[in-house]
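Dear colleague,

I am handing over the structure we spoke about, with the sequence alongside. Please look through it first, and then read my notes below.

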Amino acid sequence: MSEVKLTRFERTSLINQFRIMKALNISDDYGNKEIFDKNIKILHNGFEYYYDEVILDAGGSVSVEVTKEVIDILDAYDFCAAVYTEGSIKLDQDLVNELTEFGFDLNDSDHISYYSIANWLLNDNRFTNLGELMHKDMNGIDINDHGFSRNINEKLNVANRYKDFIRGSDSSFKDATVDDIRYILTGVNKITE
């Protein structure tokens, strides 16, 4: 049984929206002519039990704090991706693996809001270097890390090291060294043999 309650005004407004979408012959992830017809009948007849089929689950909201954290995290990884894809240095496989661990676990309730905003930002081409890596499907990069990468605090540490690096540097990604990227991604200053 649906917990959704709609006033007569809301039902009428939704019916009109579905009629408009039907008339425009819209067919997308949100429905098509048949679904719009079904939704109109449910709403017109006031079948409350089926309202949850009509009303999309828009989910919760993503806080400003989470959004800022995701932007900081993606900034750091986007910088490192730029060095990897456009820079003149080569990253060893361990650093490439570190670079691919920017995602969030869609199955973890604590990560869902992080995943949602990261997915939107990347698909809206806000972080082009990471986007290029994702579209090339290099090294299995995916926004949904399925719980196999760092936790959020570790990713925030990457973001903080990146901010420290940027504050202390007048250079661009083209001037970054392997040691700079290693420090940003892992916190290790240099690998000693």
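What follows is an account of what was found, from the overall fold down to single residues.

This is a predicted model, in which local features need pLDDT of at least 70 and side-chain atom pairs count only at pLDDT 80 or more, while totals for chains, interfaces and linings use all residues. Residues are numbered from 1 along each chain as its sequence is written, and side-chain values use heavy atoms, with hydrogens and water left out.

The secondary structure of the protein chain amounts to nine helices and zero strands, where helices (H or I, at least four residues) and strands (E, at least two) are DSSP runs numbered from the N terminus. Of the 193 residues in the protein chain, 35% are buried; buried means under 20% relative accessible area, exposed means over 50%, and partly exposed lies in between, with a 1.4 Å probe and protein chains only. If one takes the contacts (heavy atoms within 4.5 Å) between residues at least 6 apart in sequence, 70% of them join residues at least 24 apart.

Two helix pairs deserve a description. Helix α1 (residues 8-23) packs against helix α2 (residues 33-45) at an angle of about 160 degrees, with the axes 9 Å apart; axes here are lines fitted to C-alpha atoms, for helices over the stretch in contact, and angles run from 0 to 180 degrees between N-to-C directions. The two helices α1 and α2 are therefore roughly antiparallel, a term for angles over 145 degrees, as against under 35 for roughly parallel, 65 to 115 for roughly perpendicular and the rest for oblique.

In the second pair, the axes of α4 and helix α9 (residues 178-186) come within 11 Å and cross at roughly 150 degrees, which makes α4 roughly antiparallel to α9. This crossing, too, is left-handed, and in it Tyr77, Phe79, Cys80 and Val83 of α4 meet Ile181, Ile184 and Leu185 of α9.

The structure holds six aromatic pairs, meaning rings of Phe, Tyr and Trp (its six-membered ring) with centres within 6.5 Å, called stacked if the planes are under 30 degrees apart, edge-to-face if over 60 and tilted otherwise. In one of them, Phe79 and Tyr162 have ring centres 5.2 Å apart and planes at 45 degrees, so the pair is tilted. Because Phe79 lies in helix α4 (residues 64-86) and Tyr162 in helix α8 (residues 152-167), this pair ties together parts that are 83 residues apart in sequence. Both Phe79 and Tyr162 are buried, and together with Phe165 they form one aromatic cluster.

Lastly, the backbone. Most residues other than glycine have a negative phi. Asn25, however, has a positive phi near 60 degrees; this residue sits in the loop between α1 and α2 and is exposed at 62% relative accessibility.

Notes:
A crossing is left-handed if the near helix is turned anticlockwise from the far one by less than a right angle, and right-handed if clockwise.
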